[in-house]
Each structure stands twice: as C-alpha cells, then as structure tokens.
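Reader: I am new to this structure and would welcome a guided discussion of it. May we proceed by question and answer?

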Amino acid sequence: MSQPAPVRAVKGMKDVLWPESYRWEVFVEIFARTVQRAGYGLVLSPLVEEVRLFQRGIGDHSEVVTKEMYELSDRDGRRLALRPEGTAPVVRVFVEHRPTVPWKVWYATPAFRYERPQAGRYREHHQVGVEVIGSDDPDLDVEVVALADSFYKELGLGHVALAVNSMGCGACRAIYVDALRAYLIDHRDELRDEHAQRLDRPLRVLDCKDPACRAVTEKAPRLIDFLDEDCKEHFERFTQGLSALGIEHHLDPRLVRGFDYYTRTTFEFAATELHSAQNAIGGGGRYDALVEQVGGPAEPGIGFAIGIERVLLACDAEGCFEVSPPGLDAFVVDLTGGAAARDICHELRQAGASVDRAFGNRSLRAGLRLAHRSGARAAIIVGADELQAGEVTLRDLRSEGSQERVPRSELARALVALAQRSGEHPRS
Ligand code: HAM
C-alpha cells in the first residue's frame, strides 16, 4: 500500500521552530516592554470576527476586503472572517466595552490575507501593534511613532526610513480626490489598464508601484497641498514633534496606505537594506472616524502595526538582533532506571533551575552526548554507586573532565556554585 501524501502547511503560511521561535519570544518581550513603559496594556480578542466589521472598518471596496479576506460560515450561517489586520478588531472591542479614554492598548497577533506569496509576503503573517482611542492631540501621533522608532532601535536596526503624510479629514480629502481624478483622467493613456478603467477610486493609483503609473503620479496634485487649516496645523505639529525628538522622517505625498479608515497622519517605516518590494516593516496612522463607523461614539484613534517576519528579515540583512536561547542549567543522565532522574528533575525545577533529562535506558556515553547536545552547563550523572550513597556526580560540561561527587541534598546549591565559578547565573 502506498503511503498517503504528507499534509503540509497551507501555501503562504510558515512554521516557526525552536530555536528560531526563541527570537520571536524575545521580539514580543522587547515590544511589550517598550510600549508598557508608555502606559499601553495588552488587549486580547478573537481571531475571528463578523465579516461586516471589516467591510465597515477597512472599507467595502478595499483590496483586503474584496480579494484577500479568509471568509467562512459557521454552522449557524454567520459570515465570519479571520482577521486580516488588528485595528478594526480593537475598535470593535472598544465599542463593545467602552473603556475609559484615552484607551491605550497593544497586541501581538497573526493576520491572514490571501495575497500572492513571495519573499516577505505571506498569507499568514504576524504583527505587533498599538492602538490609542480617545485623543486627537498631535503629540499622541508623535508618541506612537516614537514608540515604533524606539523599538526598531532597540533591536539594533539602523537602516530604517520613516515616510509621513497626511490624509486630511473627510472634507479636505474629498476636494483633493476630485482634483486627483481630473488629473488622472487627463493622463489616462499613460496608466496601467486596471487603473485607466477604474478611476472611481483614484487614491489607489497613488499606491501603484508600476513604473508607468509612478511616472504619472510623480507630478500629480499632492494631498498635502489641499489640507484645510486645522489639518495643516495638526500635521505641522506632528512633524515638528518628530524633529524635536530627533526622529528622522521625510514627506511622501503618495503615501496613502491600503485601508479606507485613515484620516490625517499616516506613516510607514521601510527597511532600506531589504531590496525586495516588500520592505515596509511597519505602518499606521489616524482613524478619527472609524469608531463611529463601527457603531461607537465619536472618538478619534491612532495606531500602528509592525510585521514580525519582515522585521526579522531586515534584522538578518543588517546582521542585528541575533539572539540564542539560554542553555539549561543541567541535564540528568540516570543509569539506574530513571526514577532518580524523575525525582531530581522535579526537585531542581521546583528550586527554579532549568533541567532536562534523558529518557529510556541509555549508556553513559549516549546520555552524555545528549547532555552536550542540550547545551546544558552541567551533567548530573546517577550511577549505581551514587544512588547507593545518596549522591550524584556533577560534571561541568563547559570545562571538560571537571567533576565532583555531591550529596543529593546539596545539588541545587552545587549548581549555583558551578554557575558562579563559570561567571554565569543559574536561572533560579
Ligand atoms: P499594514 O501596513 O497592512 O497595516 O500591516 C502592518 C505591517 O504588517 C506591514 O508594514 C508589514 O510589515 C506587515 N505585513 C502586512 N502584510 C504582510 C504580509 N502579507 N506578509 C508579511 N508581512 C506583512 C495594518 O495592518 C494596520 N492595521 C496598521 C495600523 C494600526 N494602522 C492603524 N493602526
């Protein structure tokens, strides 16, 4: 009988195994530490939401909703979607629970988009992000961008370019969109067919990376020149704030981003050492009308999300954020049947040490090979002699050959002493 074909991970989705997954752990830890220092608390919400949340939130006609969403029906016929991003779900949480404002939250989440997979672009990717609901103070925009900036710096990334723009409010953007449409109609012949035929959503053309479209949009009217007085002042206070904090940035008048919810401030971080088209390592902006669109009170909001996979690729390109998991304090090799290893592991773990062991009947040689492979600092060997004497042999695996007999009751203390001698600290 032939074997059934193995089941593999879904196209565009990836497994992350130890020790690479340790990097992810540290990544999220550093992010949490960075944003908790600024008063952000973790928010958890379901991975699945009603489709209409994203239709209302991200926009009925946006690419993400029309082409990329993973949709499903549950057994009661509800139309659900796996979250393609984290902002609309957080806004839904706010509307449902009405926490006091300003409400500052952070999250770490997978996000699902049915995109064409390529280097740096996946159908399941992971984001860390923040959202703040309840203030339109431009200093908050500065705070949010500064947090992302500090996080990249904390990871050691040095080649990050920050582009900023303003999408204006509903009123000034409407005037701009008319002007942009008129300009694009005049240049229709030079645009890619897909845009030439559909100028009902002209902002999307600004996002197009096709060289022909870029040549046209290079000289297109700029949203920044259409801002009304309030939006202009808001944007100036934002960029002045960034400069005051020494955060380098440049204006990208074509930065519109892919979701319909953005108003006023938008920004995107690009890793300039990543040569693929997928070099955006984070982005965000204001969404002052979204809470109302989702059925809540008129509260403004702002946030960003950072793509974990992309940032790790950027770190690889720059040779930074190389972390390796801490080794174990000890590895137990029991030559007397296993009960001693069972008890020693339990006792030492309760005392706070990190300990693993070999299972099954093994020779001393095979057991020590496993001990070395585990990266442990010490091997705890239990032979018949030791068992009888109520002792163990503690072997220092970092300085080959050095070992001592230690009473079982002294083992935890001996491990600490060994770590101190080698200039390390045991985990306890
Ligand atoms: P976004 O720009 O769509 O924004 O995604 C944030 C980041 O996720 C991107 O900068 C990129 O690093 C990463 N990313 C996006 N799509 C993929 C993909 N297919 N594969 C790998 N990485 C990807 C948002 O999601 C907004 N919710 C951000 C936001 C928060 N705006 C306001 N608040």
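Reader: Which element gives the largest share of the shell around the ligand?

Author: The model is a predicted one. In it, the elements that give two or more residues to the shell around the ligand are β6 (124–133), β10 (280–286) and β11 (301–307). The largest share, 6 residues, comes from β10.

Reader: How many charged residues does the shell around the ligand have?

Author: There are 27 residues around the ligand, and those that come nearest are Glu85, Thr87, Glu115, Tyr262 and Ala280. Sorted by class, the shell has 10 nonpolar and 10 polar residues, and the charged residues number 7.

Reader: Is α1 roughly parallel or roughly perpendicular to α12?

Author: Two packed helices are described by the angle between their axes and the distance between the axes. For helix α1 (residues 20–36) and helix α12 (residues 308–318), the axes are 12 Å apart and the angle is about 105°. Angles of 65 to 115 degrees count as roughly perpendicular, and therefore α1 is, relative to α12, roughly perpendicular.

Reader: How many nonpolar residues does the contact of α1 with α12 have?

Author: From α1, the residues that take part are Glu20, Arg23, Trp24, Phe27 and Val28. They meet Ile308, Glu309, Val311, Leu312, Cys315 and Asp316 of α12. By class, this contact has no polar residues and 4 charged ones, while the nonpolar residues number 7.

Reader: Which residue is joined to Pro19 by a cis peptide bond?

Author: Pro19 is found in the segment before α1. The cis bond has an omega of about 5°, and the partner of Pro19 in this bond is Trp18.

Reader: Which residue has a positive phi although it is not a glycine?

Author: The loop between α4 (87–97) and β5 (103–112) holds Pro102, and the peptide bond from Val101 to Pro102 is cis, with omega near -5°. The loop between α4 and β5 also holds Arg98. The residue with a positive phi, about 45°, although not a glycine, is Arg98.

Notes. Residues are numbered from 1 along each chain as its sequence is written. This is a predicted model: local features need pLDDT of at least 70, side-chain atom pairs count only at pLDDT 80 or more; totals for chains, interfaces and linings use all residues. Side-chain values use heavy atoms; hydrogens and water are left out. A residue is near a molecule or strand if one of its heavy atoms lies within 4 Å of it. Helices (H or I, at least four residues) and strands (E, at least two) are DSSP runs, numbered from the N terminus. Ala, Val, Leu, Ile, Met, Phe, Trp, Tyr, Cys and Pro count as nonpolar, Asp, Glu, Lys and Arg as charged, and the others, Gly among them, as polar. Axes are lines fitted to C-alpha atoms, for helices over the stretch in contact, and angles run from 0 to 180 degrees between N-to-C directions. Angles under 35 degrees count as roughly parallel, over 145 as roughly antiparallel, 65 to 115 as roughly perpendicular and the rest as oblique. Contact means heavy atoms within 4.5 Å.
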